[in-house]
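Subject: Structure handover

Hello,

Here is the structure you asked about, with the sequence alongside. My notes on what turned up in it follow below.

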Amino acid sequence: MPARPTVSEPRRDEIMTTAKNVFARNGFDATTIADVAKEAGLPFDLVYQYFDSKDALFDALIAGQEYALRTHVAVALASSGASFGYAEAPFRATLRAMLEFFDADRAATKLLFRDAYTKNNRFAERLSGVYGRFTDDIENLIVAAQKRGDVVAAPPQWVAHTLTVLIGQIAHRRITADDGLTAAEAADFIVSLVMKGLRPD
């Protein structure tokens, strides 16, 4: 039996980049490995040398996007000098970094948000893991903020879920409509809404 070809990391990255664009354009259900191979200009069987199935490719893609987003936010926070927490400055820096990340990579945004309500259980399970970890992060911040008296006393999981949905809806809107707002302006709106509500100053 012939030996399996050596895996090339640059080739794997090339396949994942192409797959991200194809999934973003076609949606999870309508995408096949053949679509990815064709767009990448690669033989069909070569993609299978790197990923055993569409699910395996999608899993790797989602994990990569989540890691890239978390890294981008961490770097932005470090650059801003704000400590991670629910105080206004780090919250604003975090949101700006997230929205800038999505603005810079519309395919990633479509991948994470466009099909978020699909009835495909496999797709939904993979995304729910990303959303769950993000919601858990926010919940930890809410608990700390409530102890400091910075946030109203309410079930922290409810507050975290509400913020997660709000952020996701705004990120999704930014890929479907042009409101003329920069990522910083959109982040400022969310911060103002969360910290002050809809009342004018």
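**Residues and helices**

Leucine 141 has a relative accessibility of 14% and therefore counts as buried, the cut-off being under 20%. Its place is in helix H7, which runs over residues 121-148. Between the C-alpha atoms of leucine 141 and phenylalanine 91 there are 9.6 Å in space, against 50 residues in sequence. Please keep in mind throughout that this is a predicted model.

**The chain as a whole**

The protein chain has nine helices and zero strands. Along the sequence, the pattern reads α-α-α-α-α-α-α-α-α. Of the 201 residues in the protein chain, 40% are buried. The accessible surface amounts to about 11300 Å², and carbon and sulfur atoms account for 56% of that. Among the contacts with a separation of 6 or more, 66% are between residues 24 or more positions apart.

**H1 against H4**

Helix H1 covers residues 9-26 and helix H4 covers residues 54-80. Their axes come within 10 Å and cross at roughly 95°. Since angles of 65 to 115 degrees count as roughly perpendicular, H1 is roughly perpendicular to H4. On the H1 side, the residues that meet H4 are Arg12, Ile15, Met16, Ala19, Lys20 and Phe23. Their counterparts in H4 are Lys54, Leu57, Phe58, Ala60, Leu61 and Gln65. Sorted by class, this contact has eight nonpolar, one polar and three charged residues.

Is lysine 20 buried or exposed? Lysine 20, which lies in helix H1, has a relative accessible area of 12% and is therefore buried, since that is under 20%. Leaving out residues up to four places away in sequence, lysine 20 touches Leu61, Gln65, Asp105, Ala107, Ala108 and Leu111. Lysine 20 and leucine 57 are 37 residues apart along the chain, with 9.6 Å between their C-alpha atoms.

Threonine 18 is also in helix H1. Threonine 18 counts as buried because its relative accessibility is 12%. Which residues does threonine 18 contact, its neighbours within four places in sequence aside? They are Val36, Glu39 and Ala40.

**H5**

The buried residues in H5 include Pro90, Phe91, Ala93, Thr94 and Leu95. Further along H5, Ala97, Met98, Leu99, Phe101 and Phe102 are buried as well. As a reminder when looking at such a list, an α-helix has 3.6 residues a turn, so residues three or four places apart point the same way.

Besides leucine 141, helix H7 holds arginine 126. Not counting residues up to four places away in sequence, arginine 126 touches Asp55, Phe58, Asp59 and Ile62. For one of these, phenylalanine 58, the C-alpha to C-alpha distance to arginine 126 is 8.6 Å, although the two are 68 residues apart in sequence.

Isoleucine 167 sits in helix H8, which covers residues 156-176. With a relative accessibility of 4%, which is under the 20% cut-off, isoleucine 167 counts as buried. What does isoleucine 167 touch, apart from residues up to four places away in sequence? The residues are Leu95, Met98, Phe134, Ile138 and Ile190. Of these, Leu95 and Met98 are among the buried residues of H5.

Regards

How values were computed. Residues are numbered from 1 along each chain as its sequence is written. This is a predicted model: local features need pLDDT of at least 70, side-chain atom pairs count only at pLDDT 80 or more; totals for chains, interfaces and linings use all residues. Side-chain values use heavy atoms; hydrogens and water are left out. Buried means under 20% relative accessible area, exposed over 50%, partly exposed in between (1.4 Å probe, protein chains only). Helices (H or I, at least four residues) and strands (E, at least two) are DSSP runs, numbered from the N terminus. Axes are lines fitted to C-alpha atoms, for helices over the stretch in contact, and angles run from 0 to 180 degrees between N-to-C directions. Angles under 35 degrees count as roughly parallel, over 145 as roughly antiparallel, 65 to 115 as roughly perpendicular and the rest as oblique. Contact means heavy atoms within 4.5 Å. Ala, Val, Leu, Ile, Met, Phe, Trp, Tyr, Cys and Pro count as nonpolar, Asp, Glu, Lys and Arg as charged, and the others, Gly among them, as polar. Accessible areas come from the Shrake-Rupley method with a 1.4 Å probe; for residues, only the protein chains shown count as cover.
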